[in-house]
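Please keep the structure open while you read.

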Amino acid sequence: MKNMLVASALGFLLTGSALAQPGSTAPSPVAPAPRTPFKLKLAVTDTNESRSYELVLLDDSCGGVDERAGDRRDEIKICAHPSPLGARLVVGWKLHTKTLDHEVNYEAVVVKGKTVEVGRTNGARFSLSVI
C-alpha cells in the first residue's frame, strides 16, 4: 500500500512537471485594455477677454490648468471617466480677478465633437469641447 502511494505521488510529480514545460498550452495572462485619450479644448471668456487651452487626459485620470496673468487667475481641474455615451467629465473652474471670484463645479457626459458651456449670460463663461 505504501509503495502504491509513493508510486502514485511520483507519477503525479513527473506528469505535472511535464505539463509545465515551455511550449505548453497554458493560457497566457491577459494584458489590460489600453486607456483611451480624451482631447479637450477649454475656453474662458471674462468681460472682453478670451483665453483658450487644450488638455489631453486618459480615461480615469485628472488634469488641469492653473494660469496667472496680472490680477487674473484661471484654475481648471478636470477628471475624465469612460462612459458608454462618451466621456464623463467632472469639472471644476475658478476665475479670480480684482473684482470677481467665480466658481463653477459640474459633471457631464460629453461626446466627441460636442461642447458644454457654463457661466453667466453676460459675464464670465467657460466652455469645454471634446475634440
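1. Ground rules. This is a predicted model, in which local features need pLDDT of at least 70 and side-chain atom pairs count only at pLDDT 80 or more, while totals for chains, interfaces and linings use all residues. Residues are numbered from 1 along each chain as its sequence is written, and side-chain values use heavy atoms, with hydrogens and water left out.

2. Layout. The protein chain has one helix and eight strands. Their order from the N terminus is α-β-β-β-β-β-β-β-β. Helices (H or I, at least four residues) and strands (E, at least two) are DSSP runs, numbered from the N terminus.

3. Of the 131 residues in the protein chain, 30% count as buried. Buried means under 20% relative accessible area, exposed means over 50%, and partly exposed lies in between (1.4 Å probe, protein chains only). Contact means heavy atoms within 4.5 Å. Among contacts with a separation of 6 or more, 29% are between residues 24 or more positions apart.

4. The core. The largest nonpolar core has 26 residues. Such a core is a set of buried Ala, Val, Leu, Ile, Met, Phe, Trp, Tyr and Cys residues joined through side-chain atoms within 4.5 Å. Leu42, Ile78, Leu89 and Phe126 have the most contacts inside this core. Two or more residues come from each of strand E1 (37-46), E2, E4, E5, strand E6 (101-110), strand E7 (115-119) and strand E8 (125-130). E5 gives the most, with five residues.

5. Leu89. Setting aside neighbours within four places in sequence, Leu89 is in contact with Leu40, Ile78, Cys79, Ala80, Tyr106, Glu107, Ala108, Val110, Leu128 and Val130.

6. The E7-E8 hairpin. A hairpin joins E7 to E8 through five residues. The two strands pair in the antiparallel sense over five bridges; pairing requires that DSSP finds at least two bridges between two strands. Gly119 has Arg125 in E8 as its bridge partner. In E7, Val116 and Val118 point to one face and are buried.

7. The E2-E3 loop. Asp59 is found in the loop between strand E2 (49-58) and strand E3 (61-69). Is Asp59 buried or exposed? Asp59 counts as buried because its relative accessible area is 11%. Not counting residues up to four places away in sequence, Asp59 touches Arg35, Thr36, Phe38, Ala80 and Pro82. Asp60 is also in the loop between E2 and E3, but Asp60 is exposed, with a relative accessible area of 53%. Phi of Asp60 is near 55°, a positive value in a residue other than glycine.

8. Arg68. This residue is found in strand E3. Arg68 counts as exposed because its relative accessibility is 58%. Arg68 and Leu95 are 27 residues apart in sequence and 10.0 Å apart in space, C-alpha to C-alpha.

9. Leu85. This residue is found in the loop between strand E4 (72-83) and strand E5 (86-96). Leu85 is exposed, at 65% relative accessible area.
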